[in-house]
Amino acid sequence: MSRIAFLGLGNMGLPMALNLVKAGHDVTGFDVVPAARDALAAHGSAAETIGAAVAQAEIVVTMLPAGKHVREVYADVLVHAPAGCLLIDSSTIDVTSARDVASDAAAHGFVMLDAPVSGGVGGAAAGSLTFMVGGPEDAFATAQPVLAAMGKTIVHCGDSGAGQAAKICNNMILGISMIAVSEAFALADRLGLDHQRLFDVASKSSGQCWSLTAYCPAPGPVPTSPANRDWQPGFAAALMLKDLKLSQEAALESGAVTKLGAVATGFYQELVNSGFAGKDFSYAYKFLADLEGNG
Ligand code: NAD
């Protein structure tokens with residue numbers, strides 16, 4: 001069992017930290033929000049500062065909103081963590097920040113992994129997240145039992161930043177494919193084709209994909225999909241927009257051409273600007289179905 005400092009006890013971080021407690025780890029948490037600290041303190045322990053949280057840690061795990069928070073928090077962690085402490089950032093952030101912070105960590109004598117997740121709040125609570133990990137092989141091996149307390153699938157993707165790269169590439173596929181499936185259902189509606197009939201054909205044909213078969217954006221065919229509960233998330237449109245913007249930053253910096261990624265980013269931006277930031281990203285279907293167009 002390890003002494004773990006967990007920083008960032010929000011929608012994802014708190015249930016992840018609680019799974020570490022459940023697995024028998026000695027967890028000390030910190031969040032800038034006092035209520036989040038109290039929620040962990042009821043089961044583990046909470047510290048009043050980052051310095052106090054990490055002082056005795058063998059492993060630090062962070063689950064923060066964005067790259068700027070990760071840079072800010074690690075500026076503090078790197079001066080307070082004990083030598084030999086392994087650093088794991090599970091936030092979804094830009095690849096450049098992930099690599100910069102890992103190289104700052106190395107300059108201070110620490111090894112750092114980027115280990116973003118997919119699986120959402122449900123996966124965090126169930127301990128069934130997928131971890132995509134970037135960083136040295138031996139650090140990955142050390143982290144594995146800790147990550148296994150929070151997730152089911154743990155993939156070493158390569159060097160520093162590779163976990164974040166895998167996350168944004170996957171979510172770019174998801175964001176684009178969800179629009180494709182949504183457009184098909186919106187078109188089917190106009191053509192008088194029943195949702196279930198389209199599903200029966202496409203799910204067994206070349207249109208088959210996760211956005212269709214596991215998360216159908218149109219009500220009916222997949223009873224567990226958010227479409228059947230007024231598109232309550234799930235995975236909010238605002239979070240999909242965040243990940244697509246990260247993909248576009250990475251594309252710009254690396255020179256990759258992601259034409260549909262750019263269109264998808266604009267589409268989710270429109271969804272968010274239209275007041276649907278808090279709806280599931282599969283609200284794409286409803287948004288399109290409600291639009292009046294003629295070409
Ligand atoms: P959240 O906003 O609920 O939690 C972030 C927490 O970090 C908050 O409690 C906030 O107070 C805390 N925080 C901010 N600055 C801090 C600081 N300087 N020191 C300590 N704590 C600080 O967000 P979330 O939904 O838990 O998401 C966390 C990360 O996981 C994000 O990068 C997100 O993109 C990613 N993610 C989220 C989901 C999801 O479904 N929510 C799924 C996969 C990945």
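In the predicted model, Thr 62 has Asp 89 of strand 5 as its bridge partner. This pair belongs to the contact between strand 4, residues 59–62, and strand 5, where four bridges join the two strands in the parallel sense. The chain passes from strand 4 to strand 5 by way of helix 4, residues 67–80, and the three elements make a right-handed β-α-β unit.

Strand 5, residues 86–89, also pairs with strand 6, residues 111–114. These two strands run parallel and are joined by four bridges. Within this pairing, Ile 88 stands opposite Leu 113 of strand 6. Helix 5, which spans residues 95–107, forms a right-handed β-α-β unit together with strand 5 and strand 6.

The side chains of strand 5 were then examined by direction. In a regular strand, side chains alternate between the two faces of the sheet. In strand 5, Leu 86 and Ile 88 point one way, whereas Leu 87 and Asp 89 point the other way. All four residues are buried.

Asp 89, located in strand 5, is a charged residue that is buried yet has no salt bridge. The nearest side chain of opposite charge is that of Lys 242, at 9.0 Å, whereas a salt bridge requires a separation within 4 Å. The side chain of Asp 89 does make a polar contact of 2.6 Å with the side chain of Ser 91. Beyond its neighbours within four places in sequence, Asp 89 is in contact with Thr 62, Val 70, Tyr 74, Met 112, Leu 113, Asp 114, Ala 115, Pro 116 and Gln 164. Among these contacts is Thr 62, the residue with which Asp 89 forms a bridge.

When residues up to four places away in sequence are not counted, Gln 269 touches Leu 241 and Lys 245. Leu 241 and Gln 269 are 28 residues apart along the chain, and their C-alpha atoms are separated by 6.4 Å. With Lys 245, the contact includes a polar contact of 3.3 Å between the two side chains.

Conventions: Residues are numbered from 1 along each chain as its sequence is written. This is a predicted model: local features need pLDDT of at least 70, side-chain atom pairs count only at pLDDT 80 or more; totals for chains, interfaces and linings use all residues. Side-chain values use heavy atoms; hydrogens and water are left out. Two strands pair if DSSP finds at least two bridges between them. A crossover is right-handed if, with the strands pointing away from the viewer, the path from the first strand over the helix to the second runs clockwise. Contact means heavy atoms within 4.5 Å. A polar contact is a pair of N or O atoms within 3.5 Å; within protein, one must be able to donate a hydrogen and the other to accept it, and residues adjacent in sequence count only if both atoms are side-chain atoms. Buried means under 20% relative accessible area, exposed over 50%, partly exposed in between (1.4 Å probe, protein chains only). Lys and Arg count as positive and Asp and Glu as negative; His and the chain ends are not counted.
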